[in-house]
Amino acid sequence: MNTEIESTLEQENQPKPKKWPVVLSLIIGLALGVVITYVGMLRIAYNNRSKIEEASSDVIESLNNDKITGNQGMLSKVSASKLETIIYILENYYYKDIDKEAMVDGVYKGIVGSLDDPYSDYYTEDEYNDLMQTLTGNYAGIGALLQKNVKTGEVTITKVYDNTPAEKEGLLAGDSIVSADGNLAVDEDLDIFVQHIRGEAGTDVKLVINRDGEKLDIKCTRASIATPTVEHQMLKGNVGYIAVSQFTEHTYDDFVAAYEDLESQGMEAIVFDMRNNGGGLVDSVVDILDYILPEGTVVYTMDKAGNREDYTSKASSYKSIPITVLVNENTASAAEIFTGAIRDFDYGTIIGTTTFGKGIVQSTIPLEDGSALKLTTQTYYTPSGDSIQGKGIDPDVELEYEFLGAKDAEYDVTLDNQIQKALEVLSSK
């Protein structure tokens, strides 16, 4: 028994083998594994980074090449890296091929869109050329005047011109255009949407129309259109009538010609119809006000730095004649400048309903590559210092429009209650 114990004690007291070399080997092995893995990951990341940079380099280069002379590259390193990554993901994972030119334009449109201003926009070269056609009044289209409600996005026909495709196919003022060739009106700025309606003369455009809740499919064949912006006639009692649908490059000359024609017929008073006039060029309406009003400021603008610019009448040809102005909720922008000046000069009676309330000015800035930027740059004020932005101009005589004829009767000025009210007001002066 004792031997057994002694034998056990001898084994316990013998030297133990050292374990640290094994542990050290394990640690070194693990460390080398981590390093190798990390280097591999770096190589993968580098390769992916190279792929990303290569895939997006042409788009980034396009953006930086478009920079204004003298400035640094448009994109910071952080922004460029993020944009490169997004472009890479789109090109490799989007289920359709990517149009890189459209991608570049989309970046520009996105920058302007970040302003959340429905009146500011970036135009491609084609879009800008189309805008210029609108302002000159000559284009190939259907012959209808459109207006977009910036709150709802709805595009409405406010006027159908005589002897045009729109009239031939039965389109009516008040019709809402839902889409043109499948492009939804609510999704696009009006200047862009009308491009789908315009095109080469002789080609067709398919419209979806909403008329009193009923959807209609109408096909119009485009034709060359020179839309008049001024119409005139003599009403009873030697009262002249001039309707202005928008203010373009040619509107002043047409306005003066109409006024002089009415004067030659013995005009003694006049009705200016600004209903459904969505605006146009500031210089155009200022020239017309200069033709009508005595000396003074007809409108002034102010930018965010407080710089003021006055537009004045020189009184070289002002008219001393009883005046009424017809307005409605679609009377906007330059048409409100006209209305506000007549009101503040105490030069006539405003009849109808409160105007739209667009008291801001857009400047169109052409860019070197043929594209352009439309940007809200100023707020305008009526001669009395009133900003009508968002509130409009209240009429002196409030009167909702009512057609006095039968439902199927054709429009005639004698059946227009607002024109008849204007004649009543003028007869008392």
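1. Which residue is the bridge partner of Val325 in β16? In this predicted model, Val325 has Ile350 as its bridge partner. The strands concerned, β15 and β16 (residues 349-352), pair in the parallel sense, with 4 bridges between them.

2. These strands belong to an open sheet of 6 strands, ordered β10-β11-β12-β15-β16-β19, in which the pairing is mixed. The edges are formed by β10 (230-235) and β19 (397-398), each of which pairs on one side only.

3. Two helices that pack on the sheet deserve a comment. α8 touches β10, β11 (239-244) and β12, and its direction makes about 10° with that of β10. Helix α11 (residues 417-427) touches β10, β11, β12, β15, β16 and β19, and its direction makes about 160° with that of β15.

4. Helix α9 is mostly covered, with 8 of its 11 residues buried. The buried residues are Ser284, Val285, Val286, Ile288, Leu289, Asp290, Tyr291 and Ile292. Their cover includes the helices α8 (251-264) and α10 (334-344), together with the strands β12, β13 (296-302), β14 (308-313) and β15 (323-327).

5. Asn277 lies in the loop between β12 (269-273) and α9 (282-292). Is Asn277 buried or exposed? Asn277 counts as buried because its relative accessibility is 0%, against a cut-off of under 20%.

6. Apart from neighbours within four places in sequence, Asn277 is in contact with Gln147, Val244, Ser245, Gln246, Phe247, Asn330, Thr331, Ala332 and Ala335.

Terms used: Residues are numbered from 1 along each chain as its sequence is written. This is a predicted model: local features need pLDDT of at least 70, side-chain atom pairs count only at pLDDT 80 or more; totals for chains, interfaces and linings use all residues. Side-chain values use heavy atoms; hydrogens and water are left out. Buried means under 20% relative accessible area, exposed over 50%, partly exposed in between (1.4 Å probe, protein chains only). Contact means heavy atoms within 4.5 Å. Two strands pair if DSSP finds at least two bridges between them. Axes are lines fitted to C-alpha atoms, for helices over the stretch in contact, and angles run from 0 to 180 degrees between N-to-C directions.
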